[in-house]
Amino acid sequence: MKFIGIIPARYASSRFPGKPLADLCGKTVIERVYRQAEKALETVVVATDDERIANAVKSFGGKVVITSPKHQSGTDRCMEAVEKLGIEADVVINIQGDEPFIQPQQIEALKSCFPTDIATLAKPFNDNDKLEDLINPNNVKVVFSSITGNALYFSRSVIPYLRNIPQTQWLQSHTFYKHIGLYAYRTDILKEITRIQQSTLELTESLEQLRWLENGYQIKVAVSQNASIGIDTPEDLQQAINYLQTHPDLFPSF
């Protein structure tokens, strides 16, 4: 199968405007993401609605395509990029433009899920996590079939709910999974899901993947042990800088 990686990146983030161009130890965030992605993919393209980001990508030799500023999600931006590029591919991998620590093995894990409709990643909560991390609605949780590996549901609430067990003991009593927002779609499926109207569950939880589940698509979940440090705020950027400085052995190319 032929895989291509698309990195949606927009400038107008409400919490951190211009974050793709923020400096992360000598390189922009978007270049960090791009360099990690190209370790596992032959073709990587940044899809952006902003000329500043496009010029930055061109300056480090990356591929870029300009897309509409009207898209509501990275999935929609990926679809326009595929149409504009005219690249024939079996699977499109949507790589978050604010995840500079994406690892090649995570992309390989997504590849291994096919054939399926859509693939994504999840990471188990572990002993280093706190109850606050588990109940935080910004940390999306997922439950999936132990037989097929297909997602059953995603939620900002804690799933499953452990009845008759005190909350303080939840992390010690069950393995919960945090969703990592990295997706791979069969190209024909990507075309279909971007044409579907928003669903009730999607609007309720503000999670676009629930639209796909409600419409009968299979989302296979691969389990990753890698930490995910997304950059949504300037404080997240500082955390990423600290992490990079204390883990140089994990990212020798940096």
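This is a predicted model: local features need pLDDT of at least 70, side-chain atom pairs count only at pLDDT 80 or more; totals for chains, interfaces and linings use all residues.
Residues count from 1 along each chain as its sequence is written. Local features need pLDDT of at least 70, side-chain atom pairs count only at pLDDT 80 or more, and totals for chains use all residues, while side-chain values use heavy atoms, without hydrogens and water.

**Exercise 1.** Compare the radius of gyration of the protein chain with the globule rule.

Solution. Start with the rule: 2.2 Å times the number of residues to the power 0.38, with the radius taken over C-alpha atoms. For 254 residues, a compact globule would have a radius near 18 Å. The protein chain has 18 Å, which agrees. Next, take the C-alpha trace: its principal axes span about 55 × 40 × 35 Å.

**Exercise 2.** Check the span of helix α3 and find its buried residues.

Solution. Helices here are DSSP runs of H or I, at least four residues, numbered from the N terminus. Helix α3 covers residues 74-85, twelve in number. The expected span is 1.5 Å times one less than the number of residues. That gives 16 Å, and α3 reaches 16 Å from its first C-alpha to its last. Buried means under 20% relative accessible area (1.4 Å probe, protein chains only). In α3, the buried residues include Thr75, Cys78 and Val82. Just after α3, glycine 86 takes a positive phi of about 70 degrees.

**Exercise 3.** List contacts of isoleucine 93.

Solution. Contact means heavy atoms within 4.5 Å. Leave out residues up to four places away in sequence. Among the residues that isoleucine 93 then touches are Phe3, Leu41, Ile107 and Tyr183.

Conventions. Helices (H or I, at least four residues) and strands (E, at least two) are DSSP runs, numbered from the N terminus. Buried means under 20% relative accessible area, exposed over 50%, partly exposed in between (1.4 Å probe, protein chains only).
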